[in-house]
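Subject: Structure for your review

Dear colleague,

Please find below the structure that I am handing over to you.

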Amino acid sequence: MARIAVGAHVSSSGGIYAAIERGEAIGAEAIQIFPSAPQTWRATAHTPEALARFRELHAASAIGEVWLHNIYLANLATEDPEMLEKSVASVVHALTVADAIGARGVVLHTGSHKGRGLDEVHRQVCETLARILDAAPGSAKLALENAAGHGGVIGGKFAELGTLLHTVRDPRLAVCVDTCHAFAAGYDLADREGLAITMTEFDSEIGLEHLAVVHANDSKLALGSERDRHENIGDGHIGREGFRTIVESGAFAGKAFLLEVPGIPDEAGKQDGPDAENVARLRAIRDGGEWPAHIAKPAAKGAVRGAATRRGRSAADRPSRGTRPPSGGSPRVGRA
Ligand SMILES: [Zn+2]
Ligand SMILES: [Zn+2]
């Protein structure tokens, strides 16, 4: 059984290729990056040189799969035609960048029907997905991420993603499972029997062959909370044993597990996203090794809460705004 790869969301500020070095620095075996600042519509124009440099550095690195996470603003179920066009453009841009750097694909929050119900927006969402795939005719996959089950956000139930995939019927359309979101939505992945039930439902509603990638996040809140609060690996309600159950499950064999965790606080209490310690924790779970010793982090110079962007790091840097934990997928910051 192919083992999982332990990966992480990393910043690509200072040039998209800078993400490779950041991934290597924390021991990631796969990485996820934003193609553009996640809270703005303006797409970053990556130069041909930067894209080529990414491919070179990637080829020379120990990093395997690369994934992009679409910006948070996109909503394929929006009622606003202008917002829909901007959403389409953002995903087409992400898929185009993915192909240009040899990434496996793009993870997308499909959007929110704002309480109107999936039936009401089903046709629009499916037509829009097909249009996006036509407009970016490469090989990068488009992986729809499951949601925490909150409000009108599409994807709390696997059946919602399944009906989209089965209607669009494009081999590039796939699914990303976020462990925190699934747990929040009531799927008990932390329990052996609960996981078996979860993956049986996934297989019947979506099809296991469409599972492309995993977001590996522990959950601050209990099963079925319907709220998206990522926690460091082993410190939440999924826990160390829960992740062992997930990692050992055949359903996830060979997949990249991408961390979008808040990070272990430094001496000033600041969290900076996926780090070497979380990578080491998930590796220890996978490899049956010892739980890693705490890796002390000196406080960043002059660090105060919220200082990250003021220190010259652009918003493209981080999986979410300011010092919020990198949810890389969270409706709470994405308003999706
Ligand atoms: Zn996620
Ligand atoms: Zn999330």
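Predicted model: local features only at pLDDT ≥ 70, side-chain atom pairs only at ≥ 80, totals over all residues.

Residues are numbered from 1 along each chain as its sequence is written, and chains are lettered from A and ligands numbered from 1 in the order in which they are written.

Helix packing

Helices (H or I, at least four residues) and strands (E, at least two) are DSSP runs, numbered from the N terminus. Axes are lines fitted to C-alpha atoms, for helices over the stretch in contact, and angles run from 0 to 180 degrees between N-to-C directions.

Helix α3 (residues 81-101) and α4 have axes that come within 9 Å and cross at roughly 40°. The two helices α3 and α4 are therefore oblique to each other (angles under 35 degrees count as roughly parallel, over 145 as roughly antiparallel, 65 to 115 as roughly perpendicular and the rest as oblique). The crossing of α3 and α4 is right-handed; a crossing is left-handed if the near helix is turned anticlockwise from the far one by less than a right angle, and right-handed if clockwise. On α3 the contact is made by L84, V88, V91 and V92, and on α4 by T128, R131, I132 and A135. Two residues are in contact if their C-beta atoms, placed from the backbone, lie within 7 Å. By class, this contact of α3 with α4 has 6 nonpolar, 1 polar and 1 charged residues. Here Ala, Val, Leu, Ile, Met, Phe, Trp, Tyr, Cys and Pro count as nonpolar, Asp, Glu, Lys and Arg as charged, and the others, Gly among them, as polar.

Helix α4 (residues 118-135) also meets helix α5 (residues 158-168): their axes come within 10 Å and cross at roughly 45°. This pair, α4 and α5, is therefore oblique, and the crossing is right-handed. From α4 the contact takes L118, H122, V125, C126, L129 and A130, and from α5 it takes E160, T163, L164, T167 and V168. The contact of α4 with α5 comprises 7 nonpolar, 3 polar and 1 charged residues.

For helix α8 (residues 239-248) and helix α9 (residues 276-287), the axes come within 9 Å and cross at roughly 60°. That angle makes α8 oblique to α9, and their crossing is right-handed. R240, F243, R244 and V247 of α8 form the contact with L282, I285 and R286 of α9. The residues of the contact of α8 with α9 divide into 4 nonpolar, no polar and 3 charged.

Which residues of helix α1 are buried? In α1 (residues 18-25) they are A19, I20, R22 and G23. A residue is buried if 20 or more other C-beta atoms lie within 10 Å of its own, exposed if 12 or fewer, and partly exposed in between, with C-beta atoms placed from the backbone. The buried residues of α1 pack against β1 (5-9), β2 (31-33) and α2 (48-59).

I26 is found in the loop between α1 and β2. With 22 C-beta neighbours inside 10 Å, I26 counts as buried. Leaving aside neighbours within four places in sequence, I26 is in contact with A8, P274, D275, A276 and V279. I26 and A8 are 18 residues apart in sequence and 8.7 Å apart in space, C-alpha to C-alpha. Just after α1, G27 takes a positive phi of about 80°.

Other loop residues

Most residues other than glycine have a negative phi. K114, which is not a glycine, has a positive phi of about 50°. K114 lies in the loop between β4 (105-108) and α4 and is partly exposed, with 15 other C-beta atoms within 10 Å. E226, also not a glycine, has a positive phi of about 60°. E226 is in the loop between β8 (218-219) and β9 (230-231), and is partly exposed, with 16 other C-beta atoms within 10 Å.

R42 is placed in the loop between β2 and α2. R42 counts as exposed, with 9 C-beta neighbours inside 10 Å. R42 and S90 are 48 residues apart in sequence and 8.6 Å apart in space, C-alpha to C-alpha.

With kind regards
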